[in-house]
Amino acid sequence: MTSKRLWVSFVLAAVTLSITFSLQPDQQKVLLVSFDGFRWDYLYRVPTPHFHHVMKYGVHVKQVTNIFLTKTYPNHYTLVTGLFAENHGIVANDMFDPILNKSFSLGHMDIYDSEFWEEATPIWITNQRAGHTSGAAMWPGTDVKIHNSFPTHYLPYNESVSFEERVAKIIEWFTSKEPINLGLLYWEEPDDTAHDLGPDSPLMGPVISDVDRKLGYLIQMLKKAKLWDVLNLIITSDHGMTQCSEERIIELDQYLDKDNYVLVDQSPVAAILPKEGKFDEVYEALAHAHPNLTVYRREEIPERWHYRDNSRIQPIIAVADEGWYILRNKSDDFMLGNHGYDNELAEMHPIFLAHGPSFRENFTKEAMNSTDLYPLLCHLLNVTAMPHNGSLRSVQDLLSAAAPRAGPYGPYTQSPPLLQGRVPPGENEQEASYAYFLGVSLGSIIVIVFFIIFIKHLIRSQIPVLPDFQAEISQPLLQA
Ligand SMILES: *[C@@H]1O[C@H](CO)[C@@H](O)[C@H](O)[C@H]1NC(C)=O
Ligand SMILES: *[C@@H]1O[C@H](CO)[C@@H](O)[C@H](O)[C@H]1NC(C)=O
Ligand SMILES: *[C@@H]1O[C@H](CO)[C@@H](O)[C@H](O)[C@H]1NC(C)=O
Ligand SMILES: *[C@@H]1O[C@H](CO)[C@@H](O)[C@H](O)[C@H]1NC(C)=O
Ligand SMILES: *[C@@H]1O[C@H](CO)[C@@H](O)[C@H](O)[C@H]1NC(C)=O
Ligand SMILES: *[C@@H]1O[C@H](CO)[C@@H](O)[C@H](O)[C@H]1NC(C)=O
Ligand SMILES: *[C@@H]1O[C@H](CO)[C@@H](O)[C@H](O)[C@H]1NC(C)=O
Ligand SMILES: *[C@@H]1O[C@H](CO)[C@@H](O)[C@H](O)[C@H]1NC(C)=O
Ligand SMILES: [Zn+2]
């Protein structure tokens with residue numbers, strides 16, 4: 001009789017534990033969208049009903065601190081790796097690597113050399129290594145072979161391909177026989193036009209409205225494909241934009257001898273490689289040249305930029321104040337809008353919105369770091385994050401699973417990637433897995449203590465009708 005009761009208790013304990021662990025989310029789909037140069041406050045510039053629809057039924061982060069420098073390639077690579085520029089190696093749109101003796105230039109679309117990208121592993125590769133499939137429509141870097149891989153599906157970069165064609169591909173990949181779980185979609189506006197007109201131009205209004213219409217088109221197509229309710233849509237950008245002026249130009253030719261240095265990257269962060277033996281001469285000539293130009297030796301670059309420890313960062317960098325423009329002389333190209341400035345400046349900050357089954361509804365968060373997107377993506381995709389500089393904990397409140405109903409063991413019960421530890425986790429994730437194991441241990445102790453009391457109670461009271469008792473106990477547990 002006693003052994004039968006013990007057996008029943010054992011079954012109940014097993015049921016309880018399996019219910020607890022089955023609270024893990026289903027396999028999630030994620031579509032990550034970047035509208036290049038979509039500054040955080042463009043949302044309020046003109047009516048943007050589709051962006052506001054996503055905010056109302058999803059989440060919105062008001063201030064996203066992106067990484068220095070606030071340019072397209074460095075920031076897009078951060079979104080998919082969670083690393084600062086000095087760690088992922090894409091330190092600028094235009095680079096020279098003295099060890100490889102090679103150049104990289106977005107201006108000349110000379111970006112296909114794998115070696116520049118391989119200091120990091122982007123999310124699509126990690127996703128594929130975990131047995132999933134990814135699809136990318138023009139996201140920067142997705143048509144480059146990195147660690148011998150491409151995304152499972154991708155479009156070679158071609159700025160003439162329309163937004164509608166890009167969306168059609170993404171939908172096709174999400175609905176194919178072997179559907180992708182990760183989609184990456186990129187659009188060049190509102191960055192392109194804001195460079196030409198300047199962000200303060202009243203003509204930017206219609207450009208922002210057009211991006212909003214494009215988001216509306218994407219939502220409509222996702223609904224038509226029955227993806228809208230099951231897919232997690234994340235909409236963000238790489239950086240913002242600031243107004244420049246021909247009255248705020250710093251001309252290097254006025255201070256430096258052309259023969260003494262190579263200008264690797266120009267504005268607003270001039271990357272200067274002095275010729276052999278010319279370091280001091282170049283540095284002294286520039287250091288106090290202009291009140292709106294701050295000149296750093298590489299080792300003096302402020303810590304908070306995490307922009308020092310990489311040989312692609314040149315020995316001298318000169319950073320212009322917001323809205324100031326660095327040229328060699330006035331025959332160089334000048335643009336009325338630019339970005340790349342200090343990432344602490346609000347005008348450099350992008351948008352961040354998300355909608356889908358994993359996200360809360362109508363939830364606004366004040367601030368996040370753009371490095372935190374990567375661990376969030378890994379969590380949603382159920383893959384183990386590579387070492388990174390973000391923190392899942394900092395953005396966990398965006399997730400519906402983080403709400404109080406997450407269960408008795410706290411939010412980390414629902415973070416399968418935190419469990420695996422195949423790759424050394426980031427600092428914050430160590431805390432997280434510690435919290436997880438603490439939660440599981442406490443939970444197990446509670447369950448065991450509960451059953452000891454339960455068994456004692458059973459033995460003492462000698463309740464004869466076991467099946468009824470079992471039904472009573474197990475039902476509330478099943479609903480937990
Ligand atoms: C997460 O991945 C692990 C293996 O890496 C797998 O066992 C588990 O079932 C996955 N969870 C979901 C919800 O897909
Ligand atoms: C670096 O490459 C250039 C050609 O791009 C070549 O002329 C030069 O000799 C190379 N320098 C070294 C140190 O190999
Ligand atoms: C780029 O796309 C346009 C429009 O779809 C097409 O006409 C053109 O041939 C493409 N260019 C290349 C190099 O594929
Ligand atoms: C440019 O320098 C002047 C003089 O130091 C300063 O007053 C001004 O604030 C600077 N401009 C910016 C945008 O920081
Ligand atoms: C401006 O700089 C470019 C590149 O160094 C040079 O070719 C050109 O001669 C310069 N123009 C003037 C007016 O100095
Ligand atoms: C969204 O939240 C705000 C306050 O945070 C509230 O005033 C508003 O009614 C909510 N809207 C919906 C649709 O729940
Ligand atoms: C961003 O990261 C820094 C450095 O890790 C941290 O101090 C700061 O609190 C983070 N900001 C947010 C909003 O999480
Ligand atoms: C960023 O992450 C990389 C990889 O884990 C690490 O090597 C680096 O020290 C981190 N940087 C900071 C400032 O924590
Ligand atoms: Zn740009």
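Q: In this predicted model, which residue has a side-chain N or O atom 2.3 Å from an oxygen atom of ligand 7?
A: Ligand 7 has Ala367, Met368 and Asn369 around it, and the protein covers 35% of the 360 Å² of accessible area the ligand has on its own. The side chain that puts an N or O atom 2.3 Å from a ligand oxygen belongs to Asn369.

Q: What is the arrangement of the four donor atoms around the zinc ion (ligand 9)?
A: Asp191 (OD), Asp191 (OD), His195 (NE2) and His339 (NE2) coordinate the zinc at 2.1 to 2.4 Å. A tetrahedral site would need all angles between 85 and 135 degrees. Here the donors subtend 56 to 148 degrees, so the arrangement is irregular.

Q: Which helix holds both Asp191 and His195?
A: The zinc donors follow the spacing D-x3-H-x143-H. Asp191 and His195 are both buried. They sit four residues apart, about one turn, in helix H7.

Q: How are the rings of Phe38 and Phe51 arranged: stacked, edge-to-face or tilted?
A: A search of the whole structure turns up 16 aromatic pairs. For Phe38 and Phe51, the centres are 4.8 Å apart and the planes meet at 40 degrees, so call this pair tilted.

Q: How many residues apart in sequence are the parts tied together by Tyr73 and Trp117?
A: These two form a tilted aromatic pair, 5.8 Å centre to centre with 55 degrees between the planes, and both are buried. Tyr73 is in helix H3, while Trp117 is in the loop between strand S4 and helix H5, so the parts they tie together are separated in sequence by 44 residues.

Note on methods
Residues are numbered from 1 along each chain as its sequence is written. Chains are lettered from A and ligands numbered from 1 in the order in which they are written. This is a predicted model: local features need pLDDT of at least 70, side-chain atom pairs count only at pLDDT 80 or more; totals for chains, interfaces and linings use all residues. Side-chain values use heavy atoms; hydrogens and water are left out. Donors are N, O and S atoms within 2.8 Å of the metal (3.2 Å for Na, K and Ca); water is not among the atoms, so sites may look incomplete. Four donors count as tetrahedral if all angles lie between 85 and 135 degrees; four count as square planar and six as octahedral if opposite donors are over 155 degrees apart and all others between 65 and 115; anything else is irregular. Helices (H or I, at least four residues) and strands (E, at least two) are DSSP runs, numbered from the N terminus. Buried means under 20% relative accessible area, exposed over 50%, partly exposed in between (1.4 Å probe, protein chains only). A residue is near a molecule or strand if one of its heavy atoms lies within 4 Å of it. A polar contact is a pair of N or O atoms within 3.5 Å; within protein, one must be able to donate a hydrogen and the other to accept it, and residues adjacent in sequence count only if both atoms are side-chain atoms. Accessible areas come from the Shrake-Rupley method with a 1.4 Å probe; for residues, only the protein chains shown count as cover. Rings of Phe, Tyr and Trp (its six-membered ring) pair if their centres lie within 6.5 Å; planes under 30 degrees apart count as stacked, over 60 as edge-to-face and the rest as tilted.
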